[in-house]
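Let's take a walk through this structure together, chain by chain. Keep the sequence and the 3D view side by side as you read.

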Amino acid sequence: MILERLGKELLYFDGGTGTLLQEKGMKAGELPETWNLTHTEEMVDIHRQYFEAGSDIVLTNTFGANALKFHNTEFELEDIVAAAVVNVKEGAWMGVHDGREVYAALDLGPTGKLLKPMGDLSFEDAYEAYKEVVQYGEEAGADLIHIETMSDTYEVKAAVLAAKENTKLPVFATMIFDENGKLLTGGDVPSVVALLEGLKVDALGINCGMGPEQMLPILEEILRYATVPVIVKPNAGLPKQKDGQVCYDVSPAEFAKVMREIVEKGASAVGGCCGTTPRHIRALVKKTEKLKDLSKREKREPKEYTIVSSYGKAVILGDEPCVIGERINPTGKKRFKQALKEHDIDYILREGIAQQDAGAHILDVNVGLPDIDEPALMKETVAELQSVTSLPLQIDTVDVKALEAAMRIYNGKPMVNSVNGKQESMDAVFPLIQKYGGVVVGLTLDEDGIPDTPEGRAAIAGKIIREAEKYKIPRKDIVIDVLAMTISSDPEGARTTLEALKLVKEQHGVCTVLGVSNISFGLPCRQAVNSNFFTLAMHAGLSAAIINPLSEDMMRSWYSYCALMNYDQNCERYIGQYAGQKNAAPEVKDTRVTLKSAIEKGLKEEAHHAARELLSEKKPLEIINEDMIPALDTVGKGFEKGTVFLPQLLMSADAAKIAFAVLKDALAQAGDVEQKKEKIVLATVKGDIHDIGKNIVKVLLENYSFDVIDLGKDVDPEKIVDAAIRNHVKLVGLSALMTTTVVSMEETIRLLREKKPDCKVMVGGAVLNQEYADMIGADFYGKDAMQSVYYAQSCFT
Amino acid sequence: MDRREKEAVRYLGYGRHAVDEKTEALIRDSFKELDRTAKCRIVYRIFELEIPDDGTVKIGELEIRSKNLAKNMRGCQEAVMLGATLGIEVDMLLRRYSLMDMSKTVVLQACAAALLEEYLDDWQEEHRRAAEAEGCYLRPRFSPGYGDFDISHQEDVIRMLECAKKIGLTMTDRYMLTPSKSVTAVIGISKEEVPCHRKGCEECRKTDCIYRRQEREARTNPVYHERHNTF
């Protein structure tokens, strides 16, 4: 069994196959995987050479053998994979002369597609594609699964899950980093290690992209964070262009020399990638033969870093406290509840971005409301948030289904809020942490409630940590919340919490987290109490605080504390934040500007100010009709005439939006009802992921008081038709960028005509023109955003 | 304003009009932000080229049916095939702004397009010099989707250059490049210097396009001028 040898003795992989295949006559652009069936002899011979050179693990020629990448009508994927495994076994039979145990590793490469929401491949489809291959591979007798050359954490997660859930084979995963230690998708070393170890791979590491020399610093960083054995498979140097072709020129001897250093540093399995040959592997084996017994080298201790990560960024919890933004949560927030009910994801995303801008390091995500499909909404919110922020997320829910749905599709190693000392809670949550990986918040309460004493809370923390061990969840992945009880009802509340923080850290050596704001419940001027308690808690050893980062008082405490305790080198962050900040509030530059001219000139602050001033003279509706609409019309006409340009048109729209918000508040306060708005559905059609045009139209339509139901991009025709029917809309706007997606537009129109014949359709997008729009049966072609507004107005008069 | 700023203004549809102060400031900010965010990457290879007289072009093993491309490549013996991208980070930035500030979004979008063009122009300029030193001449870039060069060839370029693995450039089922600020293209290489006045934008027959590059602009801009002489 390979797992019995892994980490105890040095294991050797094979090297590159591309060059060898080309030498044997494969042409550029040919699918290498077909050679498993068409050139069996040549394939077996390549594998034999590697086994003879000393490889213990040889990869099957299945790098691109997945349904998303492998498009060939001649051969079945199943036959390719089966033949590939057999070829390696055959190669072993012919090439291993010393009776050593060797392994055929099923090779999985990337799908070649970008996952949603940035690309068009869904996580589930990526998973299914890998699932198919790993099942064929196990059936054919592969000994392990080796996922390699991955540059996207999301894709590697799909592959690892597919391998783990559908086979019993060991799983190795190696990623491709650049010289700066980053993935092509931006991920750093700790985030990759945290993700892969969370998913319980048996070994992880680095392959391709660069030569052995350049991999040394990356390896060092991997070893700093990784507990599992580490794999290193470099290219034969950096790629060079010679006569327009890519080539690698590190010789076997040079390669072996640096590889020896790599093994001495701590790699447990080594081999080669592009440009390496059996000669490279032979030299490597020879050069490292004295290092083969890894039990002789200094034992690598398990790493104790508490890491949460997103696709691009790792946050390491520890001495320096970090801020978890609490704003994505409906509790006590009317506007947020409304957004959830109306499925206004954009509102939630804006809350996320605002908190990131204010300095949050992690975002808590809670979308629980009665009568809401929480698993679906949580999943969607998490995915969408990850397309606009690189901050790690804390999935906050009591709904175990929602928790699992979100953990499964989360790109990274999430924080999970929460488990507690109740057996029922631990039985439900820990299996998920064990499977998907995550840092879990443990609340110090159990069947008997919340203990009054620090000792009582520390005892529950101990219980949680011990129970987690049964699931092989290390204590570094548990963060204890000793709970802050409001001082107005429990006078000792703050003291108990602060004592408990210290005690938990002393007794259990784990990180801590606290929802800080609860402390002041029922008191006036809560920010004062909260921010002072926050400082005390940090000083008692708090690792992470769940707070409102938009609260200046709280962030001031954080910046000050970090500066005082020397976590902020040279007070750089503090100075960056507060230097020259006498005029903190955005100053209105010119208070004499009228609302009309503020909108025409696109001045946001001035528009806000002018709207408030005007309210002392006029009613909101009068302001809209007498000042705002005329201003918007002037700008719109200018745009049509070619004297105002798109950026200016949109600046005016943004200014108007701000003024509208002021008036809307005034209306609400006066108890007036807003005028009933006409609804319009907007969508970027199926297959199209460019939605800037649609978003421009949306902003302008909203300016003209339309209620826009924005379905987003890459939207199925059925979903558009459903939304049109459900909301009784009279107008649908569709956008498409390319000729290849106009077909979806045509299909959507056809379906709308069939299911909702009374609905008009306007279309727009770069490739469209009047003729094309007529051809696909649209009612209106908007050559620019203002035309869409005029058409919409004409539809409702 | 420098070259890329002027180019961004053109993409924003200003034509011959002067750009307003606020937009100009937005353009400056956008480039600053892009310089921090964009991860420009390129991958290319040189292939042998055949142009039989039947409206097809053969680049390496890839056969392309396109009269426009054949015309563009006439007289060339080799072709550079390339893929380039600003990286996924720029898409995220655009998405972020589209939730907060649409005017900033459209300006950023134009600037990102200009940045990519500039990156490719600079790259090509460098290779033009190197090629000319060896007596070879480069033609203008020609991309899938131009004229009758079918967009579906995007897939071949990505596969032949291993764009996904090398630079993280992939494609959707409907042939849209992801990350969105990316380009695939081919460039002909000839042994003879062919005076060639066709250059991207000006060659297009849609003369009423608001994004069209102005003749005057081309004449006063030394870079275009230089290219004009070259091709």
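In chain A, residues 24 or more positions apart account for 75% of the contacts with a separation of 6 or more. Do keep in mind, as we go, that this is a predicted model.

Let's stay with chain A and look at its overall dimensions. Its C-alpha atoms fill a box of roughly 95 × 75 × 50 Å along the principal axes. For 797 residues, a compact globule would have a radius of gyration near 28 Å, and the 30 Å of chain A agrees with that. Buried residues make up 54% of the 797 residues. As for secondary structure, chain A contains 30 helices and 25 strands.

How is chain A divided into domains? The assignment gives domain 1 (2-296), domain 2 (306-578), domain 3 (595-669) and domain 4 (679-795). Take domain 1 and domain 2 of chain A, whose C-alpha centres lie 38 Å apart. Their contact takes 17 residues from domain 1 of chain A and 18 residues from domain 2 of chain A. On the domain 1 side, the elements that give two or more residues are α7 (153-166) and α8 (189-198) of chain A. The largest share of that side, six residues, comes from α8(A). By class, the domain 1 side divides into eight nonpolar, six polar and three charged residues.

Now move along to helix α15 (residues 400-409) of chain A. Seven of its 10 residues are buried, so α15(A) is largely enclosed by the rest of the structure. Which residues of α15(A) are the buried ones? They are A:A402, A:L403, A:E404, A:A405, A:A406, A:M407 and A:I409. What do these buried residues pack against? Their partners in chain A are the helices α6 (123-140), α14 (374-385) and α16 (423-436), together with the strands β15 (393-396) and β16 (415-420).

Strand β17 (residues 439-443) of chain A runs parallel to β18(A), and four bridges join the two.

Let's turn to chain B. It has 10 helices and eight strands, and buried residues make up 45% of its 231 residues. Among contacts in chain B between residues at least 6 apart in sequence, 73% join residues at least 24 apart.

After α1(B) comes B:G13, whose phi is positive, near 85°.

Next, look for the open sheet of chain B. In what order do its six strands lie? The order is β3-β2-β1-β4-β8-β5, with antiparallel pairing. The edges are taken by β3 (62-65) and β5 (137-138) of chain B; each has a single partner strand, so one side of each is left without a neighbour in the sheet. Further in, β4 (residues 76-85) and β8 (residues 182-190) of chain B pair in the antiparallel sense over nine bridges. Within this pairing, B:G83 has B:T184 in β8(B) as its bridge partner. Helix α6(B) lies across β3, β4 and β8 of chain B, and runs at about 85° to β4(B).

Finally, bring both chains into view. How many residues of each chain take part in the contact between them? It involves 43 residues of chain B and 44 residues of chain A. On the chain B side, the elements that give two or more residues are α2, β1 (41-50), α4 (88-100), α5, α6 (153-160) and α7 (163-167) of chain B. Of these, α4(B) gives the most, with nine residues. By class, the chain B side has 18 nonpolar, 12 polar and 13 charged residues.

Technical notes. Residues numbered from 1 in each chain as written. Chains lettered and ligands numbered in written order. Predicted model: local features only at pLDDT ≥ 70, side-chain atom pairs only at ≥ 80, totals over all residues. Contact = placed C-beta atoms within 7 Å. Nonpolar A, V, L, I, M, F, W, Y, C, P; charged D, E, K, R; others polar. Pairing = 2+ DSSP bridges. Axes fitted to C-alpha atoms, helices over the stretch in contact; angles between N-to-C directions. Buried ≥ 20, exposed ≤ 12 C-beta atoms within 10 Å, placed from the backbone. Rg over C-alpha atoms; globule rule 2.2 N^0.38 Å. Domains from an automatic or database assignment.
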